[in-house]
Amino acid sequence: MSGIEANFDGLVGMTHHYAGLSMGNEASINHRGQKSNPRKAALQGLTKMKALSDMGLVQGVLPPQQRPDLATLRQLGFTGNDAQVLNKAAKYSPLLLSNLSSASSMWTANAATVSPSADSADNRVHFTVANLNNKLHRSLESVTTSRALKAVFSDQNYFSHHAPLPQHADWGDEGAANHNRFCGEYDEAGVQLFVYGRSAFRGGPAPERYPARQTLEASEAIARLHQLEESQTVFAQQNPIAIDSGVFHNDVIAVSNKNVLFYHEQAFLNQQSVLAEIEEKLALLGQKLIPVEVPASQVSMQDAVSSYLFNSQLLNLSDGSMALILPEECRTNTHVSSYLQSLVATDDSPIRQLHFFDLRESMRNGGGPACLRLRVAMKEKELAAVNPAVLMTPDLYLNLTDWVERHYRDSLYAADLADPQLLTEVCSALDELTQILRLGSIYEFQR
């Protein structure tokens, strides 16, 4: 085995609901107020995890946050017992309670940026937890996310953990959703592509309709923290037109695997220069970039966003072939489906397989297959140091499926978040989950 790229998916939380909290994410906004099904959402995610594990891939599980976030509500001055705090918060602002009940940590592509030991000067795998400061509901995640990652990747001989960047818009960091890596084998040195929406200190083009969540300065800071050489990094600006079309993260318009970049014609600003720099720096490592550009004439920006074509996972299977893990919406979109069939039928295409999954509960809130996973490239000795209880096996799948079936509701509206019984259900379930995954005390409090 020449290194491993493991996928760590987030378990969907029990408070998964449609509140339209994410401006710039059109799927999130368009489904505001609708009924969600947390149980189905969690089971759909587990089905994808199990399928990838069955394909021979290393698949891990990361836990949800404890929500509603009573600690923050109390910090904001809501007093009394738990039920009273929830009631007061709901009366004060249902939107505030919704923010503090978000299950968005399910999208672990935003959990952190990860650099493998093959790229870092100290030969350790580096994690920088994202500050996610563009959205209130997501900015509250970093403390628990950091605890969870340290519980999974605990051996300091192999793993280095960094605190989030300062909580300010100038240092806006959205994690691996704006990060790609190119290499030959996963345990060989590679080139890392950091994608940003705007520069905080140098000016330049920026979107006008929707916010640019990632700054150039944040990406540069992460590269420094991860001890990367200039010859190993490329900083590319996302096309402002794409952001204003609903491409809130780069992983909605481009995805990479090894030396392949699968991307839309309108993904990057100065796209040809970006590709040339990647090619030049990969050539120094003896590798050649394989670009797969999707023309706007075949897949419009609107089709790309509505189907989440590029929010697929691009993976190497055990037989050496490369596959796309796609949402079902890519099969039902006529233009996207037609493009995909032509792609795999092309003799020189590096992508040979298509696998479709029903992730509608996540999709309706704005996250596809790639949103649900954090990629971690490791050497075999590093994988051996990972907490084994979080790695998918047939038994873990059965245990987690049973756990979801027993604890999750099959219907939830935003108004239900004030129900103190829901909080009791969440705390009881998470207490059991930490034991299943052997995570220790990563939550503020438990029942």
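**Talking through a predicted model**

Tutor: Let's start with the pocket. In this predicted model, the largest pocket has a volume of about 330 Å³.

Student: Which residues lie nearest the centre of the largest pocket, and how many line it?

Tutor: Its lining has 16 residues, and those nearest the centre are G3, L57, Y186, N316 and L317. Two elements, β1 (4-10) and β12 (313-316), each give two or more residues to that lining. The largest share, 3 residues, comes from β1.

Student: What makes a residue of the lining nonpolar, polar or charged, and how do the residues of the largest pocket divide?

Tutor: Asp, Glu, Lys and Arg count as charged, while Gly is put with the polar ones. On that basis the lining of the largest pocket has 7 nonpolar, 6 polar and 3 charged residues.

Student: Moving on to K258, why is this residue called buried?

Tutor: The cut-off for buried is under 20% relative accessible area. K258 has 13% relative accessibility, so it counts as buried. You'll find K258 in the loop between β9 (254-257) and β10 (260-264).

Student: What is there to say about phi of K258?

Tutor: Phi of K258 is near 50°, which is a positive value, and the residue is not a glycine.

Student: How do you know that Y308 is buried?

Tutor: Use the cut-off again: buried means under 20%. Y308 has a relative accessible area of 3%, so Y308 is buried. Phi of Y308 is positive too, near 60°, again in a residue other than glycine. Y308 sits in the loop between α11 (301-307) and β12.

Student: Which peptide bond is cis, and where is P68 found?

Tutor: The cis bond runs from R67 to P68, with omega near 5°. P68 is in the loop between β2 (59-62) and α3 (70-75).

Student: What makes β3 and β4 a pair of strands?

Tutor: Two strands pair if there are at least two bridges between them. Strand β3 (residues 112-115) and strand β4 (residues 125-129) have 4 bridges, in the antiparallel sense, so by that definition they pair. As one example, T113 has T128 in β4 as its bridge partner.

Student: Which way do the residues of β3 point, and are they buried or exposed?

Tutor: A112 and V114 point one way from β3, T113 and S115 point the other way, and all are buried.

Notes: Residues numbered from 1 in each chain as written. Predicted model: local features only at pLDDT ≥ 70, side-chain atom pairs only at ≥ 80, totals over all residues. Heavy atoms only, no water. 1 Å grid on protein atoms, 1.4 Å probe; cavity = no way out; pocket = protein on both sides within 12 Å on 5 of 7 lines; lining within 4 Å. Points joined across faces, edges and corners; volume = space filled by probe spheres on them. Buried < 20%, exposed > 50% of the residue type's maximum accessible area, 1.4 Å probe, protein only.
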